[in-house]
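Please examine the sequence and the model shown below.

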Amino acid sequence: MEDSARMIAAARACLGTPFHHQGRQPGVGFDCIGLIIVALKAVGIAVNDRTDYGRRPDGKSLIDALESHGAVAVNTICAGDVLVFRYDHQPQHVALATGADSMIHAFAPASAVVETSIGAYWKRRLVGIYSLIPEGTGFERI
């Protein structure tokens with residue numbers, strides 16, 4: 001199984017888990033970053049986790065954290081990419097792309113981890129697409 005499929009499978013195994021700010025436990029609670037951490041760990045990416053952020057995280061810190069883990073900005077959405085969305089005029093939410101038009105994320109208004117389409121609501125808020133291509137892991141963007 002390729003890395004993007006393993007990331008997606010790990011995230012899908014968390015569907016229905018309640019939303020919990022700074023949550024990191026499958027079946028107990030996740031926030032959007034917590035879900036991405038599960039996906040990254042599923043492919044052996046070492047994560048420098050932080051829980052020193054508020055309910056509306058600082059957008060610059062969010063992008064810096066992604067880039068510090070080897071994420072690179074790309075122009076098109078592929079399965080396994082991390083999507084970054086804005087609220088309050090700055091990046092504050094992330095999701096894992098499950099395809100070009102779908103994503104999985106821990107979403108507070110849904111009170112759970114959900115898989116949804118990337119419709120007009122989300123496309124208006126999309127401010128970044130990041131691919132994780134860590135050296136030496138064999139991860140390939142498809």
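Predicted model: local features only at pLDDT ≥ 70, side-chain atom pairs only at ≥ 80, totals over all residues.

## Helix 1 and its buried face

Helix 1 covers residues 3–12. Within helix 1, the residues Asp3, Ser4, Met7, Ile8, Ala10 and Ala11 are buried. When helix 1 is viewed down its axis, these buried residues lie within an arc of 160°, so they line one face of the helix.

Against which elements do the buried residues of helix 1 pack? Their partners are helix 2 (32–42), strand 5 (90–99), strand 6 (102–107) and strand 7 (112–117).

Side chains of opposite charge can pair when their charged atoms come close. The structure contains four salt bridges. One of the four joins aspartate 3 to arginine 6, with the closest N and O atoms 2.1 Å apart. Because aspartate 3 and arginine 6 are three residues apart in helix 1, about one helical turn separates them.

Is aspartate 3 buried or exposed? Its relative accessibility is 8%, which is under the 20% limit, so aspartate 3 counts as buried. Arginine 6, in contrast, has a relative accessibility of 31% and therefore counts as partly exposed.

## A link from helix 1 to strand 7

Arginine 12 forms a salt bridge with glutamate 115, and the closest N and O atoms of this pair are 2.7 Å apart. The pair connects distant parts of the chain, since arginine 12 belongs to helix 1 and glutamate 115 to strand 7, 103 residues apart. Strand 7 is also one of the elements against which the buried residues of helix 1 pack.

Both partners are partly exposed: arginine 12 has a relative accessibility of 39%, and glutamate 115 has a relative accessible area of 32%.

With a relative accessible area of 36%, aspartate 49 is partly exposed.

Which residues are linked in a network of salt bridges? The network consists of Arg24, Asp31 and Asp49.

How values were computed
Residues numbered from 1 in each chain as written. Heavy atoms only, no water. Buried < 20%, exposed > 50% of the residue type's maximum accessible area, 1.4 Å probe, protein only. Helix = DSSP H or I, 4+ residues; strand = E, 2+ residues; numbered from the N terminus. Arc of directions from axis to C-beta. Contact = heavy atoms within 4.5 Å. Salt bridge = Lys/Arg side-chain N within 4 Å of Asp/Glu carboxyl O.
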